[in-house]
Amino acid sequence: MTTIDLSRPGSHRREASSAQIGPFRIALAVAAVLAIAALIYWDDELRHTEACMSAWLARRNGLTDATCTGSTVLFMIGEFQSGVTITLGCTVTFLAIPFLLATSGLFVIHRVSLIKSFLALISAITFIMICNHLRLLSIEVAMRIWGAADGYSATHILVGTLISTLGVIGGGLAYLYVLLYGDKPQGARNDG
């Protein structure tokens, strides 16, 4: 006796076609890797942009004289101008690279939608960017309150590392949340 599965006609064709990676997905994966190269190549410009964003945020939070010059945020401490320089290790660019690599891998997996992959990447980078600017702001404010040397040493290592770590963990959790639950309607989630 032979049985035929009438409920899923053509299912064997869908399985065969889903095993192939289309050229569009390959192009997106390559583009994500090239984005990493672009972030590294234009590192100076990106750090300058980040310094200007940090200066803008500092001005809104009490450091009214904060300005950006290159990748440095400058402000007055007493009678002297001081500031912080955003290095490659302290920039969002450095923290975003693992998420770009992961997204590059997701682009070639048919089971993960492209929209979900993009939204996961955007949510992670946004979370990291917010935390990184909070870290910079805490360092700048501490320098203004306690002086350049004491404020910097008190916040850069301990507070800065804590905020950066929470940023990366939070960015990773946001990334995973969007991948796992991003496209399900509220009523369709099984939280039980």
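**View 1. Helices H2 and H3 cross with their axes within 5 Å of each other.** In this predicted model, helix H2 (23–41) and helix H3 (43–59) cross at roughly 75°. H2 and H3 are therefore roughly perpendicular to each other (65 to 115 degrees; under 35 counts as roughly parallel, over 145 as roughly antiparallel and the rest as oblique). Axes are lines fitted to C-alpha atoms, for helices over the stretch in contact, and angles run from 0 to 180 degrees between N-to-C directions. Helices are DSSP runs (H or I, at least four residues), numbered from the N terminus. From H2, Leu 39, Ile 40 and Tyr 41 meet Asp 43, Glu 45 and Leu 46 of H3, where contact means heavy atoms within 4.5 Å. By class, this contact of H2 with H3 has four nonpolar, no polar and two charged residues (Ala, Val, Leu, Ile, Met, Phe, Trp, Tyr, Cys and Pro count as nonpolar, Asp, Glu, Lys and Arg as charged, and the others, Gly among them, as polar).

Residues are numbered from 1 along each chain as its sequence is written. Local features need pLDDT of at least 70 and side-chain atom pairs count only at pLDDT 80 or more, while totals for chains, interfaces and linings use all residues; side-chain values use heavy atoms, with hydrogens and water left out.

**View 2. Helices H4 and H5 pack with their axes within 10 Å.** The two axes cross at roughly 170°, which makes H4 roughly antiparallel to H5. H4 contributes residues including Val 92, Phe 99 and Phe 107, and H5 contributes residues including Leu 114, Phe 118 and Asn 132. The contact of H4 with H5 divides into 14 nonpolar, three polar and no charged residues.

**View 3. Helix H4 (residues 92–107) packs against helix H6 (residues 148–181).** Their axes are 10 Å apart at an angle of about 20°, which makes H4 roughly parallel to H6. Leu 95, Phe 99, Ala 102, Thr 103 and Leu 106 of H4 touch Val 168, Gly 171, Gly 172, Tyr 175 and Leu 179 of H6. By class, seven of these residues are nonpolar, three polar and none charged.

**View 4. The largest pocket is lined by residues including Ala 35, Thr 49, Ala 96 and Ile 125.** Two or more lining residues come from each of H2, H3, H4 and helix H5 (114–146). The lining has nine nonpolar, two polar and one charged residues. A pocket is an open set of points on a 1 Å grid over the protein atoms alone where a 1.4 Å probe fits, with protein on both sides within 12 Å along at least five of seven lines; lining residues have an atom within 4 Å of a point.
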